[in-house]
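Please keep the structure open beside the text and look up each residue as it is named.

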Amino acid sequence: MLNKFIASSVCLVTLAGCASWTDETDATLAQKGAGTTFNPDSIKTYTANQAKVLTELNALTGLTTPSWDQVIQAGIQYSDSRCDAYIGALYRVNKDLKADVQKLNSVGTATAALMGITKSAATEIAAAAVLFGYAEESINISGSRILFEMDPASIRSLVKGSQTAFKSALEPNYQDRTGAFTVIREYITLCLPSTIEAEINNAAKNAVQIASSGNPAKGVAPAVSINESQVKAKVLTYDADVYSLLLKSYAFPGGTKEVTAHAQLKTWMVGKNIKVPVGPFLMSQSYKEQWREAVDYLRKNGNPKLD
Amino acid sequence: MITSAKTETQNSIKDNKMSETYEIRDVPESDLETQMNILRQDGAESVSSTKQENGMFTITAVYSNS
């Protein structure tokens, strides 16, 4: 299966490398625009190319007659591998830029070479988007310097967040190639430099600043920063014991929320100044002591279910 | 469906200031579905999982503050 995936990926990469748009300069595209007439030869080429891509995706699934949903999953898997390569290149460039920053001040060619590595990886992901029907003229892979200088872990987190949201919104039962390719194309674009930049801009635009008052007596000026809770996930480590299992079966018997029990537990948590929702509370090892306390409290307040 | 996926992505960014995100790491595969269901029942707006390099899973749950 792995060999099949690698072989198919290589084939798709080869096809991606043939995309005509890579030969077209930005200036030419800007002059010509997207065009308003259909070129029959161009459509024939496009159709033939789509058929080749579909053949490779079918091979990637490892099935003789995959469903369109399985083709979509294969396309997403292929896209993930291209995206990982792109973000991996961003990591290398970021690391090398930091390591060689002094040398680069005098030698511009090294910088250009590093940018070339990243642009090459970006070209692959962009060409993949074209393979699945993305309009050539609408892709810009130039990428501003922010993508090279920003912490790659933040970029990875941003892209993974978008991909996760996309996958959770994806419904099954696609019925034809057009639908399947449209889904894959949309998914690939989440990793394009232009999309990432747009999402960084969106995050910046929606940032909420918080300010703390200064202290005139001590000469401390007011401080303003971005509210961390809006850009940073709270990281918890999973754990479970007999107490957490008791509480879960009390607040979510049979996997369904029991409103009264849930509210009772939440009220106890508020009293203890525990500010996370009930679900994360019941899963985080940080609250192991509190699980036992909560069970004791609820038992004392007449909850035979917890005995 | 694609529109809804895009909208969800855009909304998750747009509404970030109104949400809190929790990452629960090192969840064993055997517990994964049960925990994700509890988080959904608990009122999380979106719940997803990713596999870690060590074979365990990270669950990401986004709760609305509004």
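1. In the contact between helices H12(A) and H13(A), Leu247(A), Tyr250(A) and Ala251(A) of H12(A) meet Ala261(A), His262(A) and Leu265(A) of H13(A), where two residues count as in contact if their C-beta atoms, placed from the backbone, lie within 7 Å. By class, this contact of H12(A) with H13(A) has five nonpolar residues, one polar and no charged; here Ala, Val, Leu, Ile, Met, Phe, Trp, Tyr, Cys and Pro count as nonpolar, Asp, Glu, Lys and Arg as charged, and the others, Gly among them, as polar. The model is a predicted one, in which local features need pLDDT of at least 70 and side-chain atom pairs count only at pLDDT 80 or more, while totals for chains, interfaces and linings use all residues. Residues are numbered from 1 along each chain as its sequence is written, and chains are lettered from A and ligands numbered from 1 in the order in which they are written.

2. The axes of H12(A) and H13(A), the latter covering residues 259-271, are 7 Å apart and the two helices pack at an angle of about 130°, which makes H12(A) oblique to H13(A). Angles under 35 degrees count as roughly parallel, over 145 as roughly antiparallel, 65 to 115 as roughly perpendicular and the rest as oblique; axes are lines fitted to C-alpha atoms, for helices over the stretch in contact, and angles run from 0 to 180 degrees between N-to-C directions.

3. Helix H12(A), residues 242-251, also meets helix H15(A), residues 288-300, and their axes come within 8 Å and cross at roughly 50°; H12(A) and H15(A) are therefore oblique to each other. Tyr243(A), Ser244(A), Leu246(A), Leu247(A) and Tyr250(A) of H12(A) face Trp291(A), Arg292(A), Ala294(A), Val295(A) and Leu298(A) of H15(A) in this contact. The residues of the contact of H12(A) with H15(A) comprise eight nonpolar, one polar and one charged.

4. Chain A as a whole has 15 helices and three strands, where helices (H or I, at least four residues) and strands (E, at least two) are DSSP runs, numbered from the N terminus. Of the 307 residues in chain A, 29% are buried, a residue being buried if 20 or more other C-beta atoms lie within 10 Å of its own, exposed if 12 or fewer, and partly exposed in between, with C-beta atoms placed from the backbone.

5. The pairings can be followed strand by strand. S3(A) and S1(B) pair in the parallel sense over four bridges, and Thr237(A) stands opposite Arg25(B) in S1(B). S1(B) and S3(B) run antiparallel and are joined by seven bridges, with Ala61(B) in S3(B) as the bridge partner of Tyr22(B). S2(B), residues 46-51, and S3(B), residues 57-64, pair in the antiparallel sense over six bridges, and Thr60(B) in S3(B) is the bridge partner of Ser48(B). The hairpin of S2(B) and S3(B) has five residues between the strands, and in it Gly55(B) takes a positive phi near 90°.

6. Asn173(A) has a positive phi near 80° and sits in the loop between H8 and helix H9 (177-189) of chain A; Asn173(A) is exposed, with 9 other C-beta atoms within 10 Å. Asp26(B) has a positive phi near 65° and is found in strand S1 of chain B; Asp26(B) is partly exposed, with 14 other C-beta atoms within 10 Å.

Definitions and conventions:
Pairing = 2+ DSSP bridges.
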